Amino acid sequence: MERIGALAEITEEPGRITRTFASLAMRRANQLVGAWMREAGLTVREDAAFNLLGRWESKKRGAKTFLLGSHLDTVRDAGKYDGPLGVLTAIVAVQSLRERGVELPFHVEVVGFSDEEGVRYQTTYLGSRAFAGTLTTADVARIQEKQIVKARRNKNEFLGYAEVHIEQGPVLEKNNLPVGVVTAIAGQSRLRVEFQGVAGHAGTVPMNLRRDALAGAAEFILAVEALAKKSNLVATVGKIEAAPGASNVISGHTRLTLDVRDQNDARRIAAVKTLQRKAKVVSERRALKLIWTLVQQTAAVHCDKKLTQIFSQCVAQRGLEVLKLPSGAGHDAVALSAICPVAMLFVRCKGGISHNPAESVKIADAQVAVEVLADFILRLGRSA
Ligand SMILES: [Zn+2]
(Lines give C-alpha, C1' and ligand atoms only; values in the text may rest on other atoms or scores of the structure.)
Protein backbone atom coordinates (compact mmCIF):
# COMPACT_ATOMS: atom_id res chain seq x y z
CA MET A 1 0.00 0.00 0.00
CA GLU A 2 2.98 2.29 0.56
CA ARG A 3 4.11 1.46 -2.94
CA ILE A 4 0.70 2.34 -4.31
CA GLY A 5 1.05 5.70 -2.57
CA ALA A 6 4.53 6.21 -4.05
CA LEU A 7 3.31 5.31 -7.54
CA ALA A 8 0.42 7.77 -7.17
CA GLU A 9 2.99 10.57 -6.84
CA ILE A 10 4.09 9.94 -10.43
CA THR A 11 1.87 12.00 -12.70
CA GLU A 12 1.91 14.29 -15.71
CA GLU A 13 -0.61 16.65 -14.08
CA PRO A 14 0.50 18.07 -10.74
CA GLY A 15 -2.08 17.64 -7.98
CA ARG A 16 -3.84 14.72 -9.60
CA ILE A 17 -2.97 11.28 -10.93
CA THR A 18 -2.68 11.13 -14.72
CA ARG A 19 -0.38 8.76 -16.55
CA THR A 20 -0.98 8.28 -20.25
CA PHE A 21 0.62 6.01 -22.80
CA ALA A 22 4.29 6.69 -23.62
CA SER A 23 4.45 9.76 -21.37
CA LEU A 24 7.39 10.76 -19.20
CA ALA A 25 5.24 9.84 -16.18
CA MET A 26 4.82 6.30 -17.53
CA ARG A 27 8.57 6.02 -18.06
CA ARG A 28 9.13 7.01 -14.43
CA ALA A 29 6.40 4.63 -13.24
CA ASN A 30 8.10 1.77 -15.09
CA GLN A 31 11.44 2.67 -13.48
CA LEU A 32 9.93 2.62 -10.00
CA VAL A 33 7.89 -0.57 -10.45
CA GLY A 34 10.84 -2.17 -12.26
CA ALA A 35 12.96 -1.58 -9.15
CA TRP A 36 10.33 -3.36 -7.01
CA MET A 37 10.31 -6.23 -9.50
CA ARG A 38 14.09 -6.55 -9.18
CA GLU A 39 13.73 -6.54 -5.39
CA ALA A 40 11.34 -9.49 -5.80
CA GLY A 41 14.05 -11.34 -7.74
CA LEU A 42 12.58 -10.82 -11.20
CA THR A 43 14.51 -10.13 -14.39
CA VAL A 44 13.17 -6.85 -15.70
CA ARG A 45 12.81 -5.38 -19.17
CA GLU A 46 10.56 -3.03 -21.10
CA ASP A 47 9.21 -4.21 -24.45
CA ALA A 48 8.71 -2.20 -27.65
CA ALA A 49 5.23 -1.16 -26.49
CA PHE A 50 6.57 0.22 -23.17
CA ASN A 51 5.08 -2.71 -21.25
CA LEU A 52 7.11 -3.49 -18.14
CA LEU A 53 8.00 -7.19 -17.79
CA GLY A 54 9.44 -8.98 -14.76
CA ARG A 55 10.32 -12.62 -15.31
CA TRP A 56 10.87 -15.53 -12.92
CA GLU A 57 12.44 -18.43 -14.79
CA SER A 58 11.48 -22.00 -14.03
CA LYS A 59 14.21 -24.62 -13.94
CA LYS A 60 11.99 -26.98 -15.89
CA ARG A 61 13.15 -27.50 -19.47
CA GLY A 62 10.69 -26.43 -22.12
CA ALA A 63 8.53 -24.70 -19.55
CA LYS A 64 5.79 -22.34 -20.69
CA THR A 65 4.98 -18.99 -19.11
CA PHE A 66 2.13 -17.94 -16.88
CA LEU A 67 1.33 -14.21 -16.99
CA LEU A 68 0.24 -12.07 -14.06
CA GLY A 69 -0.41 -8.36 -14.11
CA SER A 70 -2.51 -5.36 -14.96
CA HIS A 71 -1.80 -1.84 -16.22
CA LEU A 72 0.21 1.15 -14.97
CA ASP A 73 -1.41 3.87 -17.09
CA THR A 74 -4.42 5.77 -15.72
CA VAL A 75 -7.39 7.86 -16.72
CA ARG A 76 -7.17 11.64 -16.13
CA ASP A 77 -7.51 12.51 -12.43
CA ALA A 78 -7.47 8.83 -11.52
CA GLY A 79 -7.55 6.90 -8.27
CA LYS A 80 -4.49 5.06 -6.99
CA TYR A 81 -5.63 1.47 -7.37
CA ASP A 82 -7.08 0.92 -10.84
CA GLY A 83 -4.26 -0.98 -12.53
CA PRO A 84 -1.39 -0.64 -10.04
CA LEU A 85 -3.15 -2.90 -7.50
CA GLY A 86 -2.95 -5.83 -9.95
CA VAL A 87 0.70 -5.26 -10.84
CA LEU A 88 1.83 -4.74 -7.24
CA THR A 89 -0.13 -7.68 -5.76
CA ALA A 90 1.46 -9.89 -8.42
CA ILE A 91 4.95 -8.67 -7.47
CA VAL A 92 4.31 -9.29 -3.75
CA ALA A 93 2.73 -12.71 -4.37
CA VAL A 94 5.67 -13.80 -6.52
CA GLN A 95 8.19 -12.45 -4.01
CA SER A 96 6.52 -14.39 -1.18
CA LEU A 97 6.62 -17.63 -3.20
CA ARG A 98 10.28 -17.12 -4.07
CA GLU A 99 11.12 -16.44 -0.43
CA ARG A 100 9.38 -19.69 0.55
CA GLY A 101 11.69 -21.51 -1.89
CA VAL A 102 8.84 -22.53 -4.18
CA GLU A 103 9.85 -23.89 -7.58
CA LEU A 104 7.29 -23.87 -10.34
CA PRO A 105 6.96 -25.98 -13.48
CA PHE A 106 6.36 -22.81 -15.52
CA HIS A 107 7.96 -19.39 -15.85
CA VAL A 108 6.06 -16.50 -14.33
CA GLU A 109 6.02 -13.11 -15.99
CA VAL A 110 4.58 -10.11 -14.16
CA VAL A 111 3.43 -7.45 -16.61
CA GLY A 112 2.65 -3.77 -16.11
CA PHE A 113 0.82 -2.91 -19.32
CA SER A 114 1.45 0.53 -20.81
CA ASP A 115 -2.00 1.46 -22.09
CA GLU A 116 -5.25 0.03 -20.88
CA GLU A 117 -7.32 3.18 -20.45
CA GLY A 118 -6.71 4.55 -23.94
CA VAL A 119 -6.60 8.19 -22.85
CA ARG A 120 -3.90 9.26 -25.31
CA TYR A 121 -5.39 7.82 -28.51
CA GLN A 122 -8.97 6.95 -27.41
CA THR A 123 -8.28 3.32 -28.11
CA THR A 124 -7.92 0.81 -25.33
CA TYR A 125 -5.42 -1.96 -24.61
CA LEU A 126 -2.64 -0.63 -26.85
CA GLY A 127 0.00 -2.21 -24.58
CA SER A 128 -1.66 -5.59 -24.12
CA ARG A 129 -2.82 -5.81 -27.73
CA ALA A 130 0.70 -5.06 -28.97
CA PHE A 131 1.83 -7.87 -26.64
CA ALA A 132 -0.87 -10.22 -27.97
CA GLY A 133 -0.16 -9.21 -31.57
CA THR A 134 -3.73 -8.06 -32.24
CA LEU A 135 -3.21 -4.40 -33.17
CA THR A 136 -4.96 -3.51 -36.41
CA THR A 137 -3.47 -1.43 -39.22
CA ALA A 138 -5.95 1.29 -38.22
CA ASP A 139 -4.53 1.28 -34.66
CA VAL A 140 -0.98 1.59 -35.94
CA ALA A 141 -1.99 4.37 -38.35
CA ARG A 142 -3.45 6.36 -35.45
CA ILE A 143 -0.37 6.30 -33.23
CA GLN A 144 3.07 7.86 -33.40
CA GLU A 145 4.91 4.95 -31.80
CA LYS A 146 4.83 2.57 -34.79
CA GLN A 147 7.47 0.30 -33.24
CA ILE A 148 5.00 -1.06 -30.68
CA VAL A 149 4.06 -3.86 -33.10
CA LYS A 150 7.46 -5.37 -32.25
CA ALA A 151 6.19 -6.20 -28.75
CA ARG A 152 4.24 -9.11 -30.23
CA ARG A 153 4.83 -12.41 -28.44
CA ASN A 154 4.38 -15.98 -29.57
CA LYS A 155 1.13 -17.32 -28.17
CA ASN A 156 2.58 -20.83 -27.84
CA GLU A 157 4.68 -19.49 -24.96
CA PHE A 158 1.76 -18.94 -22.62
CA LEU A 159 -0.29 -21.09 -20.25
CA GLY A 160 -2.60 -18.31 -19.17
CA TYR A 161 -3.05 -14.87 -17.65
CA ALA A 162 -4.45 -13.91 -14.25
CA GLU A 163 -5.27 -10.34 -13.26
CA VAL A 164 -6.15 -8.86 -9.89
CA HIS A 165 -8.15 -5.64 -10.21
CA ILE A 166 -10.37 -3.44 -8.10
CA GLU A 167 -14.01 -4.19 -8.77
CA GLN A 168 -14.86 -0.60 -9.80
CA GLY A 169 -18.43 -1.35 -8.74
CA PRO A 170 -20.41 -1.80 -5.52
CA VAL A 171 -21.24 -5.55 -5.57
CA LEU A 172 -18.48 -6.90 -3.28
CA GLU A 173 -19.01 -4.13 -0.75
CA LYS A 174 -22.73 -4.82 -0.76
CA ASN A 175 -22.02 -8.51 -0.09
CA ASN A 176 -19.40 -7.68 2.54
CA LEU A 177 -16.66 -9.66 0.79
CA PRO A 178 -13.00 -8.69 0.21
CA VAL A 179 -12.64 -10.47 -3.14
CA GLY A 180 -14.75 -12.00 -5.91
CA VAL A 181 -14.09 -14.25 -8.89
CA VAL A 182 -14.84 -12.78 -12.33
CA THR A 183 -16.89 -14.84 -14.78
CA ALA A 184 -16.87 -12.61 -17.88
CA ILE A 185 -15.93 -9.14 -19.12
CA ALA A 186 -18.56 -7.11 -20.95
CA GLY A 187 -18.07 -6.29 -24.62
CA GLN A 188 -17.65 -2.63 -25.58
CA SER A 189 -18.29 -0.36 -28.53
CA ARG A 190 -16.49 2.97 -28.59
CA LEU A 191 -17.54 5.49 -31.17
CA ARG A 192 -16.90 9.05 -32.26
CA VAL A 193 -20.03 10.90 -33.29
CA GLU A 194 -19.81 14.24 -35.08
CA PHE A 195 -22.54 16.67 -35.99
CA GLN A 196 -21.67 19.23 -38.64
CA GLY A 197 -23.79 22.34 -39.02
CA VAL A 198 -23.03 25.96 -39.79
CA ALA A 199 -21.25 28.30 -37.39
CA GLY A 200 -22.98 31.64 -37.10
CA HIS A 201 -23.45 34.80 -35.08
CA ALA A 202 -25.35 34.20 -31.83
CA GLY A 203 -27.08 37.54 -32.22
CA THR A 204 -28.04 37.68 -35.86
CA VAL A 205 -29.08 34.20 -36.99
CA PRO A 206 -32.76 33.55 -36.12
CA MET A 207 -33.52 30.32 -34.28
CA ASN A 208 -35.45 28.73 -37.14
CA LEU A 209 -32.59 29.32 -39.60
CA ARG A 210 -29.86 27.78 -37.48
CA ARG A 211 -27.97 24.56 -38.09
CA ASP A 212 -26.66 24.24 -34.53
CA ALA A 213 -24.39 21.21 -34.18
CA LEU A 214 -24.25 21.44 -30.39
CA ALA A 215 -28.04 21.48 -29.96
CA GLY A 216 -28.21 18.37 -32.20
CA ALA A 217 -25.55 16.67 -30.09
CA ALA A 218 -27.48 17.53 -26.91
CA GLU A 219 -30.64 15.93 -28.28
CA PHE A 220 -28.67 12.82 -29.21
CA ILE A 221 -27.04 12.56 -25.76
CA LEU A 222 -30.44 12.40 -24.06
CA ALA A 223 -31.52 9.73 -26.56
CA VAL A 224 -28.45 7.68 -25.57
CA GLU A 225 -29.39 7.85 -21.90
CA ALA A 226 -33.02 6.93 -22.58
CA LEU A 227 -32.14 3.94 -24.74
CA ALA A 228 -29.59 2.56 -22.26
CA LYS A 229 -32.13 2.74 -19.43
CA LYS A 230 -34.76 1.03 -21.53
CA SER A 231 -32.43 -1.71 -22.83
CA ASN A 232 -30.83 -2.44 -19.46
CA LEU A 233 -27.29 -1.87 -20.69
CA VAL A 234 -24.81 0.95 -20.10
CA ALA A 235 -24.08 3.77 -22.55
CA THR A 236 -22.11 6.94 -21.91
CA VAL A 237 -21.20 10.16 -23.66
CA GLY A 238 -18.14 11.19 -21.70
CA LYS A 239 -16.55 13.87 -23.84
CA ILE A 240 -17.93 16.62 -26.02
CA GLU A 241 -16.19 19.33 -28.00
CA ALA A 242 -18.09 22.16 -29.62
CA ALA A 243 -16.25 24.14 -32.29
CA PRO A 244 -15.46 26.95 -32.70
CA GLY A 245 -16.27 27.11 -28.97
CA ALA A 246 -17.20 30.69 -28.18
CA SER A 247 -20.10 32.09 -26.15
CA ASN A 248 -21.33 34.26 -29.03
CA VAL A 249 -20.98 31.72 -31.85
CA ILE A 250 -23.42 28.94 -32.86
CA SER A 251 -21.47 25.68 -32.95
CA GLY A 252 -20.75 24.59 -36.51
CA HIS A 253 -19.15 21.30 -35.54
CA THR A 254 -19.65 19.22 -32.40
CA ARG A 255 -17.99 15.92 -31.74
CA LEU A 256 -18.63 13.53 -28.88
CA THR A 257 -17.57 10.12 -27.69
CA LEU A 258 -20.02 7.25 -27.23
CA ASP A 259 -19.28 4.16 -25.12
CA VAL A 260 -21.73 1.23 -25.06
CA ARG A 261 -21.17 -1.94 -22.98
CA ASP A 262 -22.92 -5.20 -22.28
CA GLN A 263 -22.14 -8.84 -21.62
CA ASN A 264 -24.45 -9.80 -24.43
CA ASP A 265 -22.73 -8.90 -27.71
CA ALA A 266 -25.88 -9.10 -29.84
CA ARG A 267 -27.75 -6.76 -27.51
CA ARG A 268 -24.86 -4.26 -27.51
CA ILE A 269 -24.55 -4.26 -31.29
CA ALA A 270 -28.31 -3.80 -31.69
CA ALA A 271 -28.21 -0.83 -29.29
CA VAL A 272 -25.41 0.83 -31.28
CA LYS A 273 -27.44 0.41 -34.48
CA THR A 274 -30.50 1.94 -32.86
CA LEU A 275 -28.42 4.88 -31.65
CA GLN A 276 -27.00 5.42 -35.12
CA ARG A 277 -30.57 5.56 -36.48
CA LYS A 278 -31.50 8.09 -33.78
CA ALA A 279 -28.47 10.24 -34.63
CA LYS A 280 -29.52 10.18 -38.29
CA VAL A 281 -33.06 11.24 -37.43
CA VAL A 282 -31.76 14.12 -35.29
CA SER A 283 -29.30 15.19 -38.01
CA GLU A 284 -31.85 15.12 -40.81
CA ARG A 285 -34.41 17.09 -38.87
CA ARG A 286 -31.82 19.73 -38.00
CA ALA A 287 -30.10 19.75 -41.42
CA LEU A 288 -26.82 18.61 -39.91
CA LYS A 289 -24.30 16.27 -41.41
CA LEU A 290 -23.63 13.18 -39.30
CA ILE A 291 -20.22 11.51 -39.16
CA TRP A 292 -20.38 8.18 -37.33
CA THR A 293 -17.06 6.43 -36.64
CA LEU A 294 -16.56 3.17 -34.84
CA VAL A 295 -13.29 3.66 -32.93
CA GLN A 296 -13.10 0.31 -31.24
CA GLN A 297 -15.20 -2.74 -30.61
CA THR A 298 -14.44 -5.68 -28.38
CA ALA A 299 -16.56 -8.77 -27.87
CA ALA A 300 -17.48 -9.98 -24.39
CA VAL A 301 -14.81 -12.29 -22.98
CA HIS A 302 -15.57 -15.30 -20.83
CA CYS A 303 -13.01 -16.25 -18.21
CA ASP A 304 -11.40 -19.68 -18.40
CA LYS A 305 -13.33 -22.34 -16.44
CA LYS A 306 -10.31 -24.13 -15.02
CA LEU A 307 -8.43 -21.00 -13.92
CA THR A 308 -11.63 -19.52 -12.50
CA GLN A 309 -12.23 -22.70 -10.55
CA ILE A 310 -8.73 -22.51 -9.08
CA PHE A 311 -9.39 -18.93 -7.98
CA SER A 312 -12.67 -20.11 -6.42
CA GLN A 313 -10.90 -22.90 -4.51
CA CYS A 314 -8.32 -20.43 -3.18
CA VAL A 315 -11.05 -18.06 -1.98
CA ALA A 316 -13.07 -20.91 -0.40
CA GLN A 317 -9.95 -22.21 1.34
CA ARG A 318 -9.79 -18.95 3.27
CA GLY A 319 -13.30 -19.59 4.59
CA LEU A 320 -14.78 -16.88 2.38
CA GLU A 321 -17.95 -17.14 0.37
CA VAL A 322 -17.11 -17.45 -3.34
CA LEU A 323 -18.94 -14.67 -5.12
CA LYS A 324 -18.82 -14.90 -8.91
CA LEU A 325 -19.49 -11.72 -10.80
CA PRO A 326 -19.16 -10.27 -14.30
CA SER A 327 -17.07 -7.18 -15.09
CA GLY A 328 -18.72 -4.19 -16.70
CA ALA A 329 -15.33 -2.57 -17.18
CA GLY A 330 -12.80 -3.70 -19.75
CA HIS A 331 -9.43 -5.05 -18.68
CA ASP A 332 -6.14 -6.16 -20.22
CA ALA A 333 -7.47 -9.72 -19.80
CA VAL A 334 -9.68 -8.99 -22.81
CA ALA A 335 -6.63 -8.43 -25.01
CA LEU A 336 -4.78 -11.39 -23.51
CA SER A 337 -7.74 -13.70 -24.20
CA ALA A 338 -6.64 -13.66 -27.85
CA ILE A 339 -3.53 -15.66 -26.97
CA CYS A 340 -4.27 -17.61 -23.78
CA PRO A 341 -6.91 -18.53 -21.18
CA VAL A 342 -7.62 -15.69 -18.74
CA ALA A 343 -8.97 -15.30 -15.21
CA MET A 344 -9.58 -12.36 -12.91
CA LEU A 345 -9.95 -11.69 -9.21
CA PHE A 346 -11.79 -8.56 -8.09
CA VAL A 347 -10.98 -6.67 -4.91
CA ARG A 348 -13.61 -4.68 -3.02
CA CYS A 349 -13.37 -0.91 -3.31
CA LYS A 350 -15.08 1.68 -1.15
CA GLY A 351 -18.49 2.70 -2.45
CA GLY A 352 -17.73 1.01 -5.76
CA ILE A 353 -16.03 4.27 -6.75
CA SER A 354 -13.40 4.20 -9.50
CA HIS A 355 -11.90 6.44 -12.20
CA ASN A 356 -12.00 9.00 -9.41
CA PRO A 357 -9.41 10.23 -6.87
CA ALA A 358 -11.73 8.91 -4.11
CA GLU A 359 -10.94 5.32 -5.15
CA SER A 360 -10.14 3.38 -1.97
CA VAL A 361 -9.11 -0.18 -1.08
CA LYS A 362 -8.58 -1.56 2.45
CA ILE A 363 -5.15 -2.91 3.28
CA ALA A 364 -6.75 -6.09 4.67
CA ASP A 365 -8.51 -6.69 1.35
CA ALA A 366 -5.29 -6.16 -0.59
CA GLN A 367 -3.68 -8.71 1.74
CA VAL A 368 -6.41 -11.26 0.93
CA ALA A 369 -5.82 -10.63 -2.79
CA VAL A 370 -2.06 -11.22 -2.42
CA GLU A 371 -2.63 -14.46 -0.49
CA VAL A 372 -5.28 -15.74 -2.89
CA LEU A 373 -3.02 -14.95 -5.85
CA ALA A 374 -0.03 -16.71 -4.26
CA ASP A 375 -2.24 -19.76 -3.51
CA PHE A 376 -3.52 -19.64 -7.06
CA ILE A 377 0.01 -19.85 -8.50
CA LEU A 378 0.88 -22.70 -6.09
CA ARG A 379 -2.25 -24.69 -6.99
CA LEU A 380 -1.66 -24.05 -10.65
CA GLY A 381 1.90 -25.33 -10.22
CA ARG A 382 0.59 -28.54 -8.67
CA SER A 383 -2.00 -29.06 -11.40
CA ALA A 384 0.26 -28.14 -14.33
ZN1 LIG B 1 -7.98 -0.89 -14.84
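1. Which exposed residues does the face of H2 turned away from its buried side carry? They are Leu24, Ala35, Arg38 and Glu39. Please keep in mind that this is a predicted model.

2. Now to the other side of H2. Met26, Ala29, Asn30, Val33, Trp36 and Met37 are buried there. Viewed down the helix axis, the buried residues of H2 fall within an arc of 125 degrees, so they line one face. As a reminder, an α-helix has 3.6 residues a turn, so residues three or four places apart point the same way.

3. What covers that buried face? The elements over the buried residues of H2 include helices H1 (2-8) and H3 (84-99), along with strands S1 (43-46), S2 (52-56) and S4 (107-113).

4. A word on the geometry of H2: its 16 residues (24-39) reach 23 Å from first C-alpha to last, close to the 22 Å expected at 1.5 Å a residue. Just after H2, Gly41 takes a positive phi of about 90 degrees.

5. Stepping back, the chain has eleven helices and 16 strands, and buried residues make up 46% of its 384 residues.

6. The domain assignment gives domain 1 as 2-186 + 300-383 and domain 2 as 187-298. Their contact takes ten residues from domain 1 and eleven from domain 2. On the domain 1 side, five of the touching residues are nonpolar, five are polar and none is charged. The C-alpha centres of the two domains lie 34 Å apart.

Definitions and conventions
Residues numbered from 1 in each chain as written. Predicted model: local features only at pLDDT ≥ 70, side-chain atom pairs only at ≥ 80, totals over all residues. Helix = DSSP H or I, 4+ residues; strand = E, 2+ residues; numbered from the N terminus. Buried ≥ 20, exposed ≤ 12 C-beta atoms within 10 Å, placed from the backbone. Domains from an automatic or database assignment. Contact = placed C-beta atoms within 7 Å. Nonpolar A, V, L, I, M, F, W, Y, C, P; charged D, E, K, R; others polar. Expected span 1.5 Å × (residues − 1). Arc of directions from axis to C-beta.
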